[in-house]
Amino acid sequence: MEIPPFSYLSLLLTTLILILISSLAYRVTYQRRSFKRRNQRAGAGFKTVPILGTLPYFLLNRHRFLDWTTAILAAHPTHTAVFQRPGAALGVITANPAVVEHILKSNFLNYPKGPRFMSLLFDFLGTGIFNVDGDLWKHQPNTVQIL
């Protein structure tokens, strides 16, 4: 008895789907464990949910966001915490003056904002010192010194 060719195709497709699902599940699990380990090593931090990151907790605490983040940062030894945005992208919130100085003054060029950030905040910040990169940023401190 001969197996029709479409059976091979459906078997191959099913196998590929199972491999994709299992690799996705492994990746989500591994990233969550890795992120939890980083947060546990550093001390207290934001709780995360797979795939959604810290978004559910941000939404639950939106009415008291500043108090909530201040409490988390105060409990953290370095006053800096990492949070996970949806899709495993990471962000940082800090209340440590040394870290703020490092980012905004000492090594500013190592922390580019990029066109997306600048376009989102352009109406609010324009081309001011907090919303530019590269050559425009180098020109801004000179402008402030003149004032």
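Predicted model: local features only at pLDDT ≥ 70, side-chain atom pairs only at ≥ 80, totals over all residues.
Residues are numbered from 1 along each chain as its sequence is written. Local features need pLDDT of at least 70, side-chain atom pairs count only at pLDDT 80 or more, totals for chains, interfaces and linings use all residues, and side-chain values use heavy atoms, with hydrogens and water left out.

**Exercise 1. The overall plan**

Task: State how many helices and strands the protein has, and in which pattern they follow along the sequence.

Solution: 
- Start with the terms. Helices (H or I, at least four residues) and strands (E, at least two) are DSSP runs, numbered from the N terminus.
- Count them. The protein has six helices and two strands.
- Now read along the sequence. The pattern is α-α-α-β-β-α-α-α.

**Exercise 2. Cover and contacts**

Task: Find what percentage of the residues is buried, and what percentage of the contacts joins residues at least 24 apart.

Solution: 
- Buried means under 20% relative accessible area, exposed means over 50%, and partly exposed lies in between (1.4 Å probe, protein chains only).
- Apply them. Of the 147 residues, 20% count as buried.
- Next, contacts (heavy atoms within 4.5 Å). Take those between residues at least 6 apart in sequence: 35% of them join residues at least 24 apart.
- Finish with the surface. The protein exposes about 11,200 Å², and carbon and sulfur atoms supply 67% of it. Accessible areas come from the Shrake-Rupley method with a 1.4 Å probe; for residues, only the protein chains shown count as cover.

**Exercise 3. The largest core**

Task: List the residues of the largest nonpolar core and name the element that gives the largest share.

Solution: 
- A nonpolar core is a set of buried Ala, Val, Leu, Ile, Met, Phe, Trp, Tyr and Cys residues joined through side-chain atoms within 4.5 Å.
- The largest one has eight residues: Phe46, Phe58, Trp68, Ile72, Leu73, Ala81, Phe83 and Ile93.
- The largest share, three residues, comes from α3.
- The general rule: in soluble globular proteins, nonpolar side chains tend to be buried together.

**Exercise 4. Thr69**

Task: Decide whether Thr69 is buried or exposed, and find its contacts beyond four places in sequence.

Solution: 
- Locate Thr69: helix α3.
- Its relative accessible area is 6%, so Thr69 is buried.
- Leave aside neighbours within four places in sequence. Thr69 is then in contact with Phe46 and Ile93. Phe46 and Ile93 both belong to the largest nonpolar core.

**Exercise 5. Helix α5**

Task: Compare the span of α5 with that of a straight helix.

Solution: 
- The expected span is 1.5 Å times one less than the number of residues.
- α5 (residues 114–125) has twelve residues; a straight helix would reach 16 Å.
- The end C-alpha atoms of α5 are only 14 Å apart, short of that value.
- Check its cover. The count of buried residues among the twelve is one, so α5 is hardly covered.
- Met118 lies in α5. Its relative accessible area is 25%, so Met118 is partly exposed.
- Look past the helix. Gly126 follows α5, with a positive phi near 60°.
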